[in-house]
Amino acid sequence: MDTVKEHEEKEVMEQNKVSQMRSLVETQDPTSKDVDDLMIRRFLRARDLDIEKGSALLLKYMNWRRSFVPNGFISESEIKFDLSHKKLFMQGLDKGGRPIVVTYASKHFPNRGKGGVDEFKRFVVYTLDKICARMPAGQEKFVAIGDIEGWGYYSNCDIRGYLAALSVLQDNYPERLGKLYLVHVPSVFMAAWKLIFPFIDANTKKKIVFVENKNLKSTLLEDIDESQLPEVYGGKQPLVPIEEC
């Protein structure tokens, strides 16, 4: 356990690195002057406070954002396929003030149409931007509940889509995920999980919790008050589709 003095020293050291990283990034991309210190800190932390690696990740993100989200936002008309399945909901805050998101894996289907995996990536960006916009002042993370009940290997398995979503989250929204609860996990899902797991970075792996069915409500209540817990898990919050938030 760090002492108060050690904690303060770490904060000062981290802030110094944020300042150094800002200077480095601004010399390579002047538009980064509009980036706040909290974003710089997230990208820095995502690379274990390595200034050069954190800077490279942030610069890559800024180029990606200009290219992938040229209008500054993803419109619902661009993601009709994924919105139509009503697979993602948001409502309530956990005890730390983090927005709660619920997603149903059985309602996700590979997009084999014209939009393909790129449309799903746009849906992920749309979702993450919505979540970030709902975060209370001073909060930088969210909590997700991934409900795997009813997931079928032949109907729902979308390894390309899963890896694309993971890449969007890890590369472009680092240090945003606070915790991911995986609930109602069928044994058949573990075959797909073994293919995805090697691509999850170490920081993200620490935030993933597999929840046993018998301990579902009690586990969620450790971090989420009953008044904020979704009704489907024994709480009092109705689920609201992401597009209505």
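Colleague: Which elements each supply at least two residues of the lining of the second largest cavity?

Modeller: They are α7 and α9 (202-205). Helices here are DSSP runs of H or I with at least four residues, strands are runs of E with at least two, and both are numbered from the N terminus. The model is predicted, so local features need pLDDT of at least 70 and side-chain atom pairs pLDDT 80 or more, while totals for chains, interfaces and linings use all residues. Residues are numbered from 1 along each chain as its sequence is written, and side-chain values use heavy atoms, without hydrogens and water.

Colleague: Why is this space called a cavity?

Modeller: On a 1 Å grid over the protein atoms alone, a cavity is a set of points where a 1.4 Å probe fits but cannot get out; lining residues have an atom within 4 Å of a point. The search of the whole structure finds 2 cavities of 30 Å³ or more. About 130 Å³ lies in the second largest cavity. Its lining has 13 residues, and Gln170, Pro174, Glu175, Asp201 and Thr204 are the closest to its centre.

Colleague: What is the volume of the largest cavity?

Modeller: The volume is about 810 Å³, taken as the space filled by probe spheres set on the grid points, which are joined across faces, edges and corners. Of its 31 lining residues, Thr103, Phe120, Tyr162, Ala165 and Leu180 are the closest to the centre. The largest share of this lining, 6 residues, comes from α5.

Notes
On a 1 Å grid over the protein atoms alone, a cavity is a set of points where a 1.4 Å probe fits but cannot get out, and a pocket is an open set with protein on both sides within 12 Å along at least five of seven lines; lining residues have an atom within 4 Å of a point.
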